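Open the model in your viewer and keep the selection tool at hand. The stops below each say what to select and what is found there.

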There are 2 protein chains.
Amino acid sequence: MNDDSDDQLTLGIDLGGTKVGIALVDLDDRVVASHRRVTDSEGGPERVVQDIVAATREILDRAGAPAGRLGVGVAGQVDSRHGVVRSTPNLIGWRDFPLARSLEDALDLPVAVTNDVNATTLAEHAVGAGRGADDLLVVFVGTGVGGGIVAGGRLVDGAGGYAGEIGHMTIVVDGRPCSCRNRGCLEAYVGGWAIAERAREAVDEAPEAGEVLLDAAGGRNRITAATVDRVADSGDPLARRLVEETGHFLGAGLVGAVHALNPARVVLGGGVIEGMPDLVAAAAAHVRERAMEVFLEDLEIVPTTLGADAGVIGAAVYARRAGRVGAGKGAP
Amino acid sequence: MNDDSDDQLTLGIDLGGTKVGIALVDLDDRVVASHRRVTDSEGGPERVVQDIVAATREILDRAGAPAGRLGVGVAGQVDSRHGVVRSTPNLIGWRDFPLARSLEDALDLPVAVTNDVNATTLAEHAVGAGRGADDLLVVFVGTGVGGGIVAGGRLVDGAGGYAGEIGHMTIVVDGRPCSCRNRGCLEAYVGGWAIAERAREAVDEAPEAGEVLLDAAGGRNRITAATVDRVADSGDPLARRLVEETGHFLGAGLVGAVHALNPARVVLGGGVIEGMPDLVAAAAAHVRERAMEVFLEDLEIVPTTLGADAGVIGAAVYARRAGRVGAGKGAP
């Protein structure tokens, strides 16, 4: 392994269900070179590792420069202390796969692995909407709800590397069943799947009021969060109410997270936020009304600013902050 | 100020509403000397500072050794970055009082100030039930519900020093009014005042079932959490139901905090837990049933083990971890 790796470029990899993004990132967190390739997830983890190794060699050849270390952000549960992917919703056969060790063996580079949301949180902190906020909470509201926490300038990893599951904070004791084992999680109210479920139930309760939603979706079971978003934009009262309630639930979850963590900034991103950008202001208004005043003094709630490169940049930042750490030796 | 203060004893002060506890603590977090004195809180902050200064000189004279730094834990909202007590529920005239600067001027020692719960959290981490757990959540359930977070071995202070208000995480959207501005906080269900309120409401709903509680308390409005605790111990079904529900609510809050923070250990303390020790097992069972499995792998939920010295030890640990930091220069 390299000894002067701290001065060098860092490789960042964003590993999703169907694509691998890879980038060479410099010390100022700028992308020097990047590309994206489809990965054959059906071939299992060994095949994906081969794809990553090939992509890594290609980008290093093209750049004509060595890399000092490599970071990977994986969509799934990652034991970042040991560089092990515990499980992923989208990749087949990835139960307890030692990704850091496999890549280190193939590439002779120190490798650090984290989950994609933690990586993106670090990118927000380094170069995005979280820049300058050393106490930062990032919440991504998509189909699911994920999050990442920076405290005192450092990523909060937790004992196993799983910290930041803001979407699975209980906001209604014994409330709606969640995708996890709990009931009443924030995700069970504001995740894309939950918005769709709430909309279907609202339509069942009031079919007349739900006519516009039903027509736009082409049937009850085809209603999605995107339908709600589109129909709310056209002014439909039921869809607007659903969006307002979503802002209220999101705000209630954020009040709790703000009280626990006292962040200087909350960054909101993800597909649901992109589709319903008013949620940022609605949730912020709820927090201003409900959180204790000293928590509001330094608090901003803002939308994310990073685009598709956030995952690869964040993975590189993670690897660099992990320092001279290989698999099993720690995390930032 | 001292230059070799890192090798020396540290002073820890626990400032409550009516008493000041003070101790000299060595590098192994052992109490070398301590005493407690009543403070005249009606004389305002200047008078309390005089009391602290006198107590400090007395204990240093008695020990015949100098102290390298001083830490104070205050029951109230503390801006630890600037060493300023923002407000306290029990001390009169303490709005935005610069406690660190006042003590530094009088004692010529570096002073760090935090709130009493953060101090006690550090004591649990250093020498108590949280020892060895670098990802630690401490929750005190008393009249109110407070908490402290250690992540990666460091206290999570937050942007203003207010982090750790686990008691004010929303667990029921638009639920019971809380002592803060929010509704549905964990404290509004499991804090001592809330248990008493819930008990009074239960008695109103079912006066016959509530007879034992009413008799034991000597009237509806005299029911407290301690009454519930005592009557539940005697086997009364209504009181037992109230305790069980309290465990359920506490568990729901802990599931959320565990998902957010992925601690290796949760330490539960405070008067309500001491009175109803079964709450620890009840809340732990709820977490085991509801939290995602990877979060359970390394998780223990245990009662606190520290006694009355926790506050002074924790204040000293806080000061030492703050390093060479006076008012306004940072926190551990």
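Begin with the rings: over all chains of this predicted model, a search of the whole structure finds six aromatic pairs. Rings of Phe, Tyr and Trp (its six-membered ring) pair if their centres lie within 6.5 Å; planes under 30 degrees apart count as stacked, over 60 as edge-to-face and the rest as tilted.

Select Tyr189(A) and Phe249(A), a tilted pair with 4.6 Å centre to centre and 45 degrees between the planes. Tyr189(A) belongs to helix α4 (residues 187–190) of chain A and Phe249(A) to helix α8 (residues 237–261) of chain A, so the pair links distant parts of the chain, 60 residues apart. Helices here are DSSP runs (H or I, at least four residues), as are strands (E, at least two), numbered from the N terminus. Tyr189(A) and Phe249(A) are buried, that is, under 20% relative accessible area, with exposed over 50% and partly exposed in between (1.4 Å probe, protein chains only).

Next select Trp94(B) and Phe97(B): this pair is edge-to-face, 5.1 Å centre to centre with 65 degrees between the planes. Both residues, Trp94(B) and Phe97(B), are buried.

Stay in chain B and select helix α5 (residues 192–205). Its 14 residues should span 20 Å at 1.5 Å a residue, and the end C-alpha atoms are 20 Å apart, which agrees; the expected span is 1.5 Å times one less than the number of residues. Buried residues of α5(B) include Ile195(B), Arg198(B) and Val203(B). Among the elements that cover the buried residues of α5(B) are α6 (211–217), α7 (225–233) and α8 (237–261) of chain B.

Move to Asp26(B), in the loop between β2 (19–25) and β3 (31–38) of chain B. Asp26(B) counts as buried because its relative accessibility is 14%. A polar atom of the Asp26(B) side chain lies 2.8 Å from the backbone nitrogen of Asp28(B). Beyond its neighbours within four places in sequence, Asp26(B) is in contact (heavy atoms within 4.5 Å) with Leu9(B), Val32(B) and Arg320(B).

For selections, residues are numbered from 1 along each chain as its sequence is written, and chains are lettered from A and ligands numbered from 1 in the order in which they are written. Local features need pLDDT of at least 70 and side-chain atom pairs count only at pLDDT 80 or more, while totals for chains, interfaces and linings use all residues; side-chain values use heavy atoms, with hydrogens and water left out.

Conventions: A polar contact is a pair of N or O atoms within 3.5 Å; within protein, one must be able to donate a hydrogen and the other to accept it, and residues adjacent in sequence count only if both atoms are side-chain atoms.
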